[in-house]
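Try each task before reading its solution.

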Amino acid sequence: MSAHVLAFAESRGGELRRAALEAITAARRIADARGGQVHAILFGAPGIGAHAAALGAHGADRVLVVEHAGFAHNNPEAVAATIAAKMSGYGAFVATASATGKDVAPRVAATLQVPMAADATAFEVKGEAITVTHPGYTGKILQSLTLTASPAILSVRAGAYLPVANAKAGEVEAMAPVADPAASRVRVTETAAGNTAKLDLGEAPVIVSGGRGLKEAANFSLVEALAAAFGNAAVGATRAVTDDGWRPHADQIGQTGRLVSPDLYIACGISGAIQHLAGMRTAKTIVAINKDKEAPIFKVADYGVVGDVLEILPVLTEAVRRAKAS
Amino acid sequence: MKIAVCIKRVPDMDVRFKIAPSGTAVDETGLKFDISDFDGYAVEAALQIKEKLNAGEVVVISLGGDVVQETLRKAMSMGADRAVQLKADGTHVDSFAIASALAAELKDGGYDLIMFGRMSIDTAHGVTGAIVAELLGLPCVNAISKLEFDGRTAKMRRELEGAYELVECALPAVVTIDEGIARPRYPSLKGIMAAKKKPLESKPAQLPAARLSLDALALPPERAAGRIIGEGTAAVPELVRLLKEEAKVL
Ligand SMILES: Cc1cc2nc3c(=O)[nH]c(=O)nc-3n(C[C@H](O)[C@H](O)[C@H](O)COP(=O)(O)OP(=O)(O)OC[C@H]3O[C@@H](n4cnc5c(N)ncnc54)[C@H](O)[C@@H]3O)c2cc1C
Ligand SMILES: Nc1ncnc2c1ncn2[C@@H]1O[C@H](COP(=O)(O)O)[C@@H](O)[C@H]1O
């Protein structure tokens, strides 16, 4: 078994995603335990190779650059086929379990006829085997699973392995796709921004989330203002709110939405239904603002404030702005 | 259109789980079971396609012990035409093995569309649909929140982080369903009666040896009990102080 590890360097629209650096961080753990190298594989339209240096700076010994006009959009078929064909030189493949990573990794595993360990929040290399921790049952049960197949195909939860500066050679190797991207059976006709937030929910250290307690869509401007005061915050929502079309479905946090683990989660006018808690209960610090002191959200909130969210948010926003400025 | 929907039986999540003495299973005492969330959306989406076209067949498939027959009946009471149980006792966590068994059943079924949930709500791997597609050599679109047809072309919307994609693909194809596509209907009394007479075939699952094993289950550390720090805008200064000095997030 090769000690080298291949990491999926995810990009979108010509830009690297943080998921790329996280995959490299995780891949380094395996390669360092086995005395191997980490190679990052980067797909994109011509020009994407300019990002190779950033991958090298975060732990990639080598960067395989696969440029093709057909990779301007997601093309999981051609991407997975190319990765699978390259895997003979590697003992493991690591992707971040983002929307794109989740799409690619199982295809690689299936092409190679091996199982995979999905969405690990932690893992341990035990010789040829890898034991992962994977939260299931809406985060209520941690599963410890051991993968014995070779190569080991792994996806790690976004945010579990943060990017670290770790300068390596980052030697560039240009590569042609193994499958013609233009021949993929699934065609992307359009990629569009779904929400206006600059920071993605999965990447933001702070999430300010709103529920039905905000009373109407327009009041989300108060949530946006608090997020802006933090400067490093994204805006989330409950299903009650996405159902009513106040916010896009992509912003929904919970059992059937996004699973997030920010440093700080501020729940504004959110009751704390079990399905919502399933998506955010692993946040490091939880703040809840709700006018009902019996609301279940207060059971998980480190800091609860009882009161009208419409009155409290502007005052809190101002206080945060001042704290940030000082 | 002939549609297959793979459905998994999972416990209701609205409980405090206990781990069985074996350490590798959930204590099922008192738990209620149902179709996994996203699989329920998939069943509903399949039924709506059939109703719209006023033709075709919806077949539901589940791998598991005899208990899954109840889950399959529920899907038939919603309107699925027939069901297949791939009989396998015990717990199975190797998605490649499960996908292999599902693929073996689906291979010669002549399906135009094969539907999965984007992830099961208990083991939550989110990989089975894509693996089945690959094993069958079919195109696959993961985590779709919209599905329409233009003849034999499926037009779909996929949610990405902070963005979405519109994609197209010719049938036959595999899709995995995200929320947003359809809310599952409740079975009518008539549906429940009709389901009793619908065909449910049971056959052994062709499961290859597992190479992903479950070592142990654990409960995550409990969150410290929440505390209310005050009321109204008067509580804001204290909140900001705590965020700065105690939580160190400001
Ligand atoms: C299968 C399934 C899956 C689901 N998946 C999800 C999911 O992924 N994510 C999700 O979020 N939900 C999900 N739900 C829905 C979930 O059960 C709840 O219905 C939802 O989370 C409630 O949203 P909410 O807290 O915004 O609204 P509500 O429950 O209506 O709560 C509103 C809260 O606002 C408070 N409030 C009202 N006015 C004010 C005010 N002026 N100031 C301060 N507080 C105020 C109220 O006291 C109340 O606590 C799912 C449900 C099902 C059945
Ligand atoms: N035992 C099973 N029987 C039938 N379908 C299943 C089974 N396990 C998983 N699936 C299907 O695969 C999807 C994804 O499951 P998973 O990869 O385990 O998250 C589920 O939503 C189901 O559609």
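**Exercise 1: Cysteines**

A search of the whole structure turns up 0 disulfides over all chains, a disulfide being a pair of cysteine sulfur atoms within 2.5 Å. Before going on, note that this is a predicted model, in which local features need pLDDT of at least 70, side-chain atom pairs count only at pLDDT 80 or more, and totals for chains, interfaces and linings use all residues. Residues are numbered from 1 along each chain as its sequence is written, chains are lettered from A and ligands numbered from 1 in the order in which they are written, and side-chain values use heavy atoms, with hydrogens and water left out.

Task: find the cysteine sulfur nearest to that of B:Cys6, and say whether B:Cys6 is buried or exposed.

Solution. Step one: a disulfide is a covalent bond between the sulfur atoms of two cysteines. Step two: the nearest cysteine sulfur to B:Cys6 belongs to B:Cys140 and is 12 Å away, and B:Cys6 is in no disulfide. Step three: B:Cys6 counts as buried because its relative accessibility is 6%; buried means under 20% relative accessible area, exposed over 50% and partly exposed in between, with a 1.4 Å probe and protein chains only. A:Cys268 is buried too, with a relative accessible area of 0%.

**Exercise 2: An aromatic cluster**

Task: work out which rings pair with A:Phe43, and which parts of chain A those pairs link.

Solution. Step one: rings of Phe, Tyr and Trp (its six-membered ring) pair if their centres lie within 6.5 Å; planes under 30 degrees apart count as stacked, over 60 as edge-to-face and the rest as tilted. By this rule there are 5 aromatic pairs over all chains. Step two: A:Phe8 and A:Phe43 make a tilted pair, 6.5 Å centre to centre with 50° between the planes. This pair links distant parts of the chain, 35 residues apart: A:Phe8 is in strand β1 (residues 5-9) of chain A and A:Phe43 in strand β4 (residues 38-44) of chain A. Helices (H or I, at least four residues) and strands (E, at least two) are DSSP runs, numbered from the N terminus.

Step three: A:Phe43 and A:Phe71 make an edge-to-face pair, 5.2 Å centre to centre with 75° between the planes. A:Phe71 lies in the loop between β5 (62-67) and α3 (76-86) of chain A, so this pair ties together parts that are 28 residues apart in sequence. Step four: A:Phe8 is buried at 5% relative accessibility, and both A:Phe43 and A:Phe71 are buried. A:Phe8, A:Phe43 and A:Phe71 form one aromatic cluster.

**Exercise 3: An enclosed space**

Task: locate the largest cavity and say what lines it.

Solution. Step one: on a 1 Å grid over the protein atoms alone, a cavity is a set of points where a 1.4 Å probe fits but cannot get out, a pocket is an open set with protein on both sides within 12 Å along at least five of seven lines, and lining residues have an atom within 4 Å of a point. Grid points are joined across faces, edges and corners, and a volume is the space filled by probe spheres set on the points. The count comes to 1 cavity of 30 Å³ or more.

Step two: the largest cavity has a volume of about 90 Å³. Its lining has 15 residues, and A:Pro76, A:Asp103, A:Val186, A:Val188 and B:Val167 are the closest to its centre. Step three: β7(B) gives the most to this lining, with 3 residues.
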